[in-house]
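User: I am new to this protein and would like a short tour of its fold. Could we go through it together?
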Amino acid sequence: QWGRWYHVAGTYDFDASAINVLVDGMVDGSAAYSEGVAYAAGRGLRFGMQYKGYNRNDRFLNGAMDDVRVWDRARTAEEISAALEIDIDAGSDGLIGYWPMEEGEGSTTADNTASGNTGYLEQGPVWEVTDVSECSGELTIDVKPGGDPDTPKPINLNSGKIPVAILGTLEFDVASQLDLSSLTFGRTGDEQSMHWRGTSVPNCGVDDVNNDGRDDLVCHFLTSRTGLRPGDSEVILKGQGIGDALEASRLPEFSVAASDAVAVKTSGGAGSAGS
C-alpha cells in the first residue's frame, strides 16, 4: 500500500533449508532452499535494487528505505517481531551491519556496527527528514462519517455510540502511528469515552472513508460518557501519536487533537435527530 512504512525481513536458515520473508513481523512467504550462498565480494551487498549483470539494466526500488540491518544468523519470527518498535544496539550479538540512515543529506550512510562498511546511495537519493513538530498538532476528524462535511453532525444524546472517522494523511499514518488506547473524546476532549471490545481492544477499524487512497480509522465512543449537553456545537478528540514504528527514538510520543462541528440534541426535543 502506498504512503505507509513496512518492516520487511528476509531470513535464510541453512539447517532448516528454508527461506522466509516477513512483513511487519509476520511470515508472508516461504520457500525450500538448501544451496549454499556464494558471496561475490567484488559486487558488494545491495539493497533496493536488482542487479542485472553486465548489461547494467538494473532495477531500483521505487520507494523509500530506512534502518537497514544485517545479521549473521537467521533470526526467528519472534525476535524480529519483538524488535519492530525498539532501537537496536549497534553492538547487539550477531548484528554485523546497521545503517540507520540518519545523515539527512549526501550520498553515503554510515554503518553503526564495528564492521564500519559505509553505504553508498545511488540514483541521486532524496532524503526525507521528519521532525516531531511536523507530526504533532491537528488531525482531521469526521463525526458520523458519510454525511455533508460542511454541515454540523446531529448527535442524539440517547444514542448508544458515536462513530468518529480519524483521517490519515501522507505525513501521518493513523492506522499505525496512533495509540488507540490513548484516545479521548467529548465535550472537552478529555472524556474517557472509548468503546472497548471486551476488556482490551478499542472498538476501531481501518477504512478509507474519504476515498483518498489512505487508511483512516473509524472509532466508536460511548455517548453517555462524552459529557455532551444539548446545544453543544463542537466535539473534541485527543490522543497520542507514537511516531514511525521504526524510528521511535527520533520520533517519540506526541500529542494530537481534532474537533468537528455537531448539533447536540436529545430525542423528543424540538428538531431532534436520530443517531
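Analyst: One definition is needed at the outset: two strands pair if DSSP finds at least two bridges between them. Please note also that this is a predicted model.

User: Which residue stands opposite tyrosine 12?

Analyst: Tyrosine 12 faces isoleucine 19, a residue of β2. The strands concerned are β1, residues 8-13, and β2, residues 18-23, which run antiparallel and are joined by six bridges.

User: And how many residues lie between β1 and β2?

Analyst: Four residues lie between them, and the two strands form a hairpin. In the turn, serine 17 has a positive phi of about 50°.

User: Changing topic: how many disulfides does the structure hold?

Analyst: There is one disulfide. It is formed by cysteine 204 and cysteine 219, with their sulfur atoms 2.1 Å apart.

User: Which parts does that pair tie together?

Analyst: Cysteine 204 lies in strand β17 (residues 204-207) and cysteine 219 in strand β18 (residues 216-222), so the pair ties together parts that are 15 residues apart in sequence.

User: Why is the disulfide called right-handed?

Analyst: The disulfide of cysteine 204 and cysteine 219 is right-handed because the torsion about its S-S bond is about 115°.

User: Are the two cysteines buried or exposed?

Analyst: Buried means under 20% relative accessible area. Cysteine 204 has a relative accessibility of 11%, so it counts as buried. Cysteine 219 is buried as well, at 0%.

User: Where do β17 and β18 sit in their sheet?

Analyst: They belong to an open sheet of four strands in the order β11-β13-β18-β17, with antiparallel pairing. Its edge strands are β11 (140-143) and β17, each of which pairs on one side only. From one strand to the next, the twist averages 25°.

User: How many bridges join β13 to β18?

Analyst: Six bridges join them; β13 covers residues 161-167 and runs antiparallel to β18. Across this pairing, isoleucine 166 stands opposite leucine 217 of β18.

Definitions and conventions:
Residues numbered from 1 in each chain as written. Predicted model: local features only at pLDDT ≥ 70, side-chain atom pairs only at ≥ 80, totals over all residues. Heavy atoms only, no water. Disulfide = S-S within 2.5 Å. Buried < 20%, exposed > 50% of the residue type's maximum accessible area, 1.4 Å probe, protein only. Axes fitted to C-alpha atoms, helices over the stretch in contact; angles between N-to-C directions.
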